[in-house]
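This report covers pockets, cavities, a central strand and selected residues of one model. Please look at the sequence and the structure before reading on.

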Amino acid sequence: MEVPARAFNNTKPPGTPVSPKDVENVKLFKPYQQKSVTMHNRIGLSPMCMYSCVDGHLSNFHVSHYGSFALKGAGLIIIEASGVQPEGRITPQCAGLWKDEQIDGLKKVVDVIKSQGTVAGLQIAHAGRKASTAPPFKGDYLETEENGGWPNAVVGPSALPFSDHYAMPHAMTKEEIKKTVQAFADAAVRADKAGIELLEIHGAHGYLISSFLSGNSNKRTDEYGGSFENRARFCLEVVAAVRAVWPSTKPLWVRISCAEYVNPEPMGLDPNGWDIQQSIQLAKEFKKLGVDLVDCSSGGITKGVKYPANPMYQVQFAEAVRREAQIPTAAVGLILEGEDAENILEKEQADYILVGREFLRDSAFVLASAQALDVNINWPNQYSWAVKKARRNIASKKGLAAEERTTIP
């Protein structure tokens, strides 16, 4: 079923300022443009797996889930990691885009997102050696074939499991690498057909691309292992293949882990593994290939390391990559307040803000941020009458209170 015209809110999208004067000194609610795509504010929904698919197909759950964030004003929604091959999913319940039949379900979600004036993005991914596991709300264990898993078909750069209770991957052959690069490109073509406006390649968190980048998980001795140039080869081949088929008018982003915390100092060096300096070097290569933004996350590569627990602990990565590689970045990770998001932009530590779990805890994060920054934003037409009535009631009560104060003897 198509979104009826009366349900559209793309003329004055939710989350946009009622008056331009409201955002003269507020960056968070100013539009952000890349190529032909304009996000109406700088608060986006980070891709997060929902583990609710059957055979990789998005469903009415996803229409409701992502539509709710569009209604509440997110400028960008990046739909969850979608496997470019069936064995590239994290769990049997993860999304996929390895066949044409999956386009229609994705398009239904895209249409709802775009009907509210929000930019529809998608993350394409391969889980690598962290595949065939259970959803986190079920437990941390390997899914068997009886439960839809593929424990004997898990792949990685080397025959090294992520953890003792994960699958033992087999080291990918060069032919498998070539087919996987093509699978990323094929998924990008399908994403374009579904109406996706912004595409992100998942190169973070210890999944396939990320595991090739780190020397702690990549022990190959051929042209895909060893030196930085060799460990980055697979990633750059994927980026080049996707950029070649993804429309030149649409942005291409890449998410990477900027540190894996084997060195407990986040900005410290780990030359035999992965660190911020190698991330900067990789970002420079991305720029040459036409990547429009680097989404700077961290971790997930090595088991048993200790992660920082302070809010905004990953912003330093976005700032360093932006400054040293001269490429736009997105800041992620424990960004919990609108004021903090605004400060990141004001200090030019990043160009865009991606919020993940805080959106799950508070789907009205955009509204809360606007209130905190004293920005009057547009609401969906369907909700606006209630907002206007509430504002009139508040104004009336304030006026009555003021009158009472002036008449006190």
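Helix H10 gives 4 residues to the lining of the largest pocket, the largest share of that lining. Helices (H or I, at least four residues) and strands (E, at least two) are DSSP runs numbered from the N terminus. The model is predicted, so local features need pLDDT of at least 70 and side-chain atom pairs count only at pLDDT 80 or more, while totals for chains, interfaces and linings use all residues. Residues are numbered from 1 along each chain as its sequence is written, and side-chain values use heavy atoms, with hydrogens and water left out.

## Pocket and cavities

Rolling a probe the size of a water molecule over the atoms shows where empty space is left. Here a 1 Å grid is laid over the protein atoms alone; a cavity is a set of points where a 1.4 Å probe fits but cannot get out, a pocket is an open set with protein on both sides within 12 Å along at least five of seven lines, and lining residues have an atom within 4 Å of a point. Grid points are joined across faces, edges and corners, and a volume is the space filled by probe spheres set on the points.

The largest pocket holds about 1400 Å³ of space. It is lined by 48 residues, and those closest to its centre are Met 48, Tyr 51, His 205, Tyr 207 and Arg 357. Strand S13 (352-355) and helix H10 (357-361) are the elements that give two or more residues to this lining.

By the same rule there are 3 cavities of 30 Å³ or more. The largest cavity is lined by 14 residues, with Ala 81, Gly 88, Arg 89, Ile 90 and Ala 125 nearest its centre. Strand S4 gives 3 residues to that lining, the largest share. The lining of the second largest cavity consists of Gly 56, Leu 58, Ile 79, Ser 82, Ala 95, Gly 96, Leu 97, Gln 102, Leu 106 and Leu 122. Two or more of these residues come from each of S4 and strand S5 (95-96).

The table gives volumes and lining classes. Ala, Val, Leu, Ile, Met, Phe, Trp, Tyr, Cys and Pro count as nonpolar, Asp, Glu, Lys and Arg as charged, and the others, Gly among them, as polar.

| Space | Volume | Lining residues by class |
|---|---|---|
| Largest pocket | about 1400 Å³ | 25 nonpolar, 16 polar, 7 charged |
| Largest cavity | about 70 Å³ | 8 nonpolar, 5 polar, 1 charged |
| Second largest cavity | about 50 Å³ | 6 nonpolar, 4 polar, no charged |

## Ala 81 at the largest cavity

Ala 81 is one of the residues nearest the centre of the largest cavity, and its place in the chain is strand S4 (residues 76-83). Its relative accessible area is 9%, so Ala 81 is buried (buried means under 20% relative accessible area, exposed over 50%, partly exposed in between, with a 1.4 Å probe and protein chains only). Not counting residues up to four places away in sequence, Ala 81 touches Cys 49, Ala 95, Gln 123, Ala 125 and His 202, where contact means heavy atoms within 4.5 Å. Ala 81 and Leu 122 are 41 residues apart along the chain, and their C-alpha atoms are separated by 7.2 Å.

Strand S10 (residues 252-257) is largely enclosed by the rest of the structure, because 6 of its 6 residues are buried. Leu 252, Val 254 and Ile 256 point one way from S10, while Trp 253, Arg 255 and Ser 257 point the other way.

Two strands pair if DSSP finds at least two bridges between them. Strand S9 (residues 198-203) runs parallel to S10 and is joined to it by 5 bridges; within this pair, Ile 201 stands opposite Val 254. Strand S11 (residues 293-297) is also parallel to S10, again with 5 bridges, and Leu 293 in S11 is the bridge partner of Trp 253.

S10, helix H7 (residues 276-289) and S11 make a right-handed β-α-β unit. A crossover is right-handed if, with the strands pointing away from the viewer, the path from the first strand over the helix to the second runs clockwise.

Asp 295 lies in S11 and counts as buried at 0% relative accessibility. Beyond its neighbours within four places in sequence, Asp 295 contacts Glu 200, Val 254, Arg 255, Ile 256, Ala 330, Val 332 and Leu 354.

## Helix H11

Phe 365, Val 366, Leu 367, Ser 369 and Ala 370 are buried in helix H11 (residues 365-372). The buried residues of H11 pack against strand S3 (43-45), helix H9 (338-346), S13 and H10. Just after H11, Asp 374 takes a positive phi of about 60°.
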